[in-house]
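This report covers the fold of one chain and the surroundings of one of its elements. The sequence and structure come first.

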Amino acid sequence: MSMGGIARIFKEMKANPKGVRFSEFQKVCEYYFGKPRQSGSSHCIYKTPWPGDPRVNIQNHKSKAKPYQVKQVLLAIEKLEVRHGS
(Lines give C-alpha, C1' and ligand atoms only; values in the text may rest on other atoms or scores of the structure.)
Protein backbone atom coordinates (compact mmCIF):
# COMPACT_ATOMS: atom_id res chain seq x y z
CA MET A 1 0.00 0.00 0.00
CA SER A 2 1.28 3.46 -0.87
CA MET A 3 2.14 6.09 1.71
CA GLY A 4 -0.79 8.12 0.33
CA GLY A 5 -3.18 5.28 1.13
CA ILE A 6 -1.71 4.87 4.60
CA ALA A 7 -1.95 8.63 5.18
CA ARG A 8 -5.62 8.59 4.13
CA ILE A 9 -6.45 5.75 6.54
CA PHE A 10 -4.41 7.42 9.30
CA LYS A 11 -6.38 10.64 8.82
CA GLU A 12 -9.67 8.70 8.98
CA MET A 13 -8.49 6.93 12.15
CA LYS A 14 -7.85 10.27 13.84
CA ALA A 15 -11.15 11.76 12.68
CA ASN A 16 -13.35 8.77 13.56
CA PRO A 17 -11.79 6.01 15.71
CA LYS A 18 -15.16 4.21 15.83
CA GLY A 19 -15.48 3.83 12.07
CA VAL A 20 -12.19 2.13 11.14
CA ARG A 21 -12.37 -1.10 9.15
CA PHE A 22 -10.17 -3.77 10.69
CA SER A 23 -8.52 -4.65 7.38
CA GLU A 24 -7.39 -1.03 6.92
CA PHE A 25 -6.30 -0.84 10.56
CA GLN A 26 -4.07 -3.87 9.97
CA LYS A 27 -2.47 -2.20 6.94
CA VAL A 28 -1.54 0.86 9.00
CA CYS A 29 -0.14 -1.31 11.80
CA GLU A 30 1.93 -3.37 9.35
CA TYR A 31 3.25 -0.21 7.70
CA TYR A 32 4.47 1.24 11.00
CA PHE A 33 5.29 -1.91 13.03
CA GLY A 34 5.97 -4.66 10.47
CA LYS A 35 4.32 -8.06 10.26
CA PRO A 36 2.48 -9.17 13.42
CA ARG A 37 4.24 -11.68 15.63
CA GLN A 38 0.85 -13.29 16.20
CA SER A 39 -2.15 -13.34 13.92
CA GLY A 40 -4.79 -15.77 12.77
CA SER A 41 -6.85 -15.59 15.93
CA SER A 42 -9.05 -12.63 16.74
CA HIS A 43 -5.89 -10.77 17.81
CA CYS A 44 -2.87 -9.42 15.92
CA ILE A 45 0.14 -8.45 18.00
CA TYR A 46 2.81 -6.11 16.67
CA LYS A 47 6.22 -5.44 18.23
CA THR A 48 7.30 -1.87 18.97
CA PRO A 49 10.92 -0.72 19.40
CA TRP A 50 10.70 0.66 22.94
CA PRO A 51 10.91 -0.92 26.41
CA GLY A 52 8.01 -1.15 28.82
CA ASP A 53 5.00 -2.41 26.94
CA PRO A 54 6.70 -3.18 23.61
CA ARG A 55 3.64 -4.33 21.69
CA VAL A 56 0.50 -3.21 19.96
CA ASN A 57 -2.45 -5.59 20.28
CA ILE A 58 -5.44 -5.20 17.95
CA GLN A 59 -8.68 -7.16 17.65
CA ASN A 60 -11.21 -7.69 14.90
CA HIS A 61 -14.68 -6.89 16.20
CA LYS A 62 -17.35 -7.48 13.54
CA SER A 63 -14.94 -6.30 10.78
CA LYS A 64 -14.21 -3.08 12.69
CA ALA A 65 -11.30 -2.03 14.86
CA LYS A 66 -12.03 -1.41 18.51
CA PRO A 67 -12.00 2.39 19.08
CA TYR A 68 -9.78 2.23 22.19
CA GLN A 69 -7.23 0.20 20.22
CA VAL A 70 -7.31 2.74 17.38
CA LYS A 71 -6.47 5.44 19.92
CA GLN A 72 -3.65 3.30 21.37
CA VAL A 73 -2.19 2.74 17.90
CA LEU A 74 -2.40 6.46 17.10
CA LEU A 75 -0.41 7.20 20.28
CA ALA A 76 2.13 4.47 19.45
CA ILE A 77 2.60 5.87 15.93
CA GLU A 78 3.06 9.36 17.36
CA LYS A 79 5.67 8.02 19.79
CA LEU A 80 7.40 6.19 16.94
CA GLU A 81 7.51 9.32 14.78
CA VAL A 82 8.95 11.39 17.64
CA ARG A 83 11.68 8.77 18.16
CA HIS A 84 12.58 8.86 14.46
CA GLY A 85 12.34 12.66 14.17
CA SER A 86 9.58 12.54 11.52
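## Fold

The chain holds three helices and three strands. Along the sequence they follow the pattern α-α-β-β-β-α. The model is predicted.

## Overall dimensions

A compact globule of 86 residues would have a radius of gyration near 12 Å, and the chain agrees because its own value is 12 Å. Along the principal axes, the C-alpha atoms fill a box of roughly 35 × 25 × 25 Å.

## Contacts and surface

Of the contacts between residues at least 6 apart in sequence, 46% link residues at least 24 apart. Of the 86 residues, 36% are buried. The accessible surface of the chain is about 5400 Å², and carbon and sulfur atoms contribute 52% of this area.

## Helix 1

Helix 1 spans residues 3–15, 13 residues in total. From first to last C-alpha it reaches 18 Å, close to the 18 Å expected at 1.5 Å a residue.

Which residues of helix 1 are buried? They are G5, I6, I9, F10 and M13. Their directions cover an arc of only 135° around the axis, so they lie on the same side of helix 1. In general, an α-helix has 3.6 residues a turn, so residues three or four places apart point the same way. The other side of helix 1 carries the exposed residues G4, K11, K14 and A15.

Notes: Residues are numbered from 1 along each chain as its sequence is written. This is a predicted model: local features need pLDDT of at least 70, side-chain atom pairs count only at pLDDT 80 or more; totals for chains, interfaces and linings use all residues. Side-chain values use heavy atoms; hydrogens and water are left out. Helices (H or I, at least four residues) and strands (E, at least two) are DSSP runs, numbered from the N terminus. The expected span of a helix is 1.5 Å times one less than its number of residues. Buried means under 20% relative accessible area, exposed over 50%, partly exposed in between (1.4 Å probe, protein chains only). The arc is that of the directions from the helix axis to the C-beta atoms. The radius of gyration is taken over C-alpha atoms; the globule rule is 2.2 Å times the number of residues to the power 0.38. Contact means heavy atoms within 4.5 Å. Accessible areas come from the Shrake-Rupley method with a 1.4 Å probe; for residues, only the protein chains shown count as cover.
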